[in-house]
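Please examine the sequence and the structure shown below before reading on. The paragraphs after it form a guided explanation.

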Amino acid sequence: MKSKLSLPLVIAILVASAISFGQDKLPTDEPPGYGVYYKTKDGWQKLDYARPLGSSVGAFSGATLNYHGAEAALQITDRRPVFYFDRVPTARNTIIVLFERKKDQREVKVIRSHVLTAKSGPDKKHMPDVTVQSVNDHVISVSPTQELSPGEYLLTDSGGYGGYDFGIR
């Protein structure tokens, strides 16, 4: 007695076989765990949290936070990178700030002061606009709306008081 399989059943079996056969080669659509990530062609690259090492304050120059090293560990060529925040509650408030590079450190001016006034937060000309989107219930993507110029940057939700650093080459 011959058994007949329906065409839809045969197609379903073939698709399921193909998916399970190549499962280890399929890229994942979300980061592997808690933290901030950049997706490279080779997989997910986790960004380290960077804290300022010190600060300098001047009566008429304001306050500057100093970060260790002339450049971040993560250096990329993508001028419009997309960063993925997995289970980071403050991701919706993230901004990108351009560092000022010095010989052996990077700086963010967090208070700008003049003779009679002072303003807190980085200068808006050092903060490119960003797009923040929900990917799913626990992942948020953050990307600049325009191409970034080469330099050192900080992803931060606190105006420069710590964040995730990266460089554009």
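The model is predicted, so local features need pLDDT of at least 70 and side-chain atom pairs count only at pLDDT 80 or more, whereas totals for chains, interfaces and linings use all residues. Residues are numbered from 1 along each chain as its sequence is written, and side-chain values use heavy atoms, with hydrogens and water left out.

The protein chain contains 1 helix and 15 strands; helices (H or I, at least four residues) and strands (E, at least two) are DSSP runs numbered from the N terminus. The chain has 169 residues, of which 37% count as buried. Buried stands for under 20% relative accessible area, exposed for over 50%, and partly exposed for values in between, with a 1.4 Å probe and protein chains only. Accessible areas come from the Shrake-Rupley method with a 1.4 Å probe, and for residues only the protein chains shown count as cover. Among contacts in the protein chain with a separation of 6 or more, 65% are made by residues 24 or more positions apart; a contact means heavy atoms within 4.5 Å.

Two residues illustrate such surroundings. Ser141 is placed in strand E13 (residues 139-144), and its relative accessibility of 8% means that Ser141 counts as buried. Apart from neighbours within four places in sequence, Ser141 is in contact with Val82, Phe83, Tyr84, Thr131, Val132, Gln133 and Val135. Tyr49 belongs to strand E3 (residues 49-50) and counts as partly exposed, because its relative accessibility is 39%. With neighbours within four places in sequence left aside, the contacts of Tyr49 are Tyr161, Gly162, Gly163 and Tyr164. A distance of 8.8 Å separates the C-alpha atoms of Tyr49 and Val36, which are 13 residues apart along the chain.

The next topic is charge pairing. Side chains of opposite charge can pair when their charged atoms come close. A salt bridge is defined here as a side-chain nitrogen of Lys or Arg within 4 Å of a carboxyl oxygen of Asp or Glu, and by this rule there are 6 salt bridges. In one of them, Arg106 meets Glu152 at 3.8 Å from N to O. This pair links distant parts of the chain, with Arg106 in strand E10 and Glu152 in strand E14 (residues 151-156), 46 residues apart. Arg106 counts as buried because its relative accessibility is 3%, and Glu152 likewise counts as buried, at 1% relative accessibility. Arg106 also forms a salt bridge with Asp165, at 2.8 Å from N to O. Asp165 lies in strand E15 and Arg106 in strand E10, so this pair ties together parts that are 59 residues apart in sequence. Asp165 has 11% relative accessibility and therefore counts as buried.

Another salt bridge joins Glu71 to Arg169, and its closest N and O atoms are 3.4 Å apart. These partners come from distant parts of the chain, 98 residues apart: Glu71 from the loop between strand E5 (62-68) and strand E6 (75-76), and Arg169 from the segment after strand E15 (163-168). Glu71 counts as partly exposed because its relative accessibility is 38%, whereas Arg169 counts as exposed at 53%. Glu71, Arg101 and Arg169 are linked in a network of salt bridges.

Which residues line the largest pocket? The lining consists of Thr64, Val97, Leu98, Phe99, Glu100, Glu107, Val108, Lys109, Arg112, Pro122, Asp123 and His126. Strand E8 (95-98) and E10 each supply at least two lining residues, and E10 gives the most, with 4 residues.

On the surface, Phe60, Val115 and Leu116 form a nonpolar patch with about 420 Å² of accessible area together. Patches are made of residues with over 30% relative accessible area and no salt bridge; like charges are joined within 9 Å, and nonpolar side chains (Val, Leu, Ile, Met, Phe, Trp, Tyr) within 5 Å. Val115 is found in the loop between strand E10 (105-113) and strand E11 (118-120), and counts as exposed because its relative accessibility is 67%.

Methods. On a 1 Å grid over the protein atoms alone, a cavity is a set of points where a 1.4 Å probe fits but cannot get out, and a pocket is an open set with protein on both sides within 12 Å along at least five of seven lines; lining residues have an atom within 4 Å of a point.
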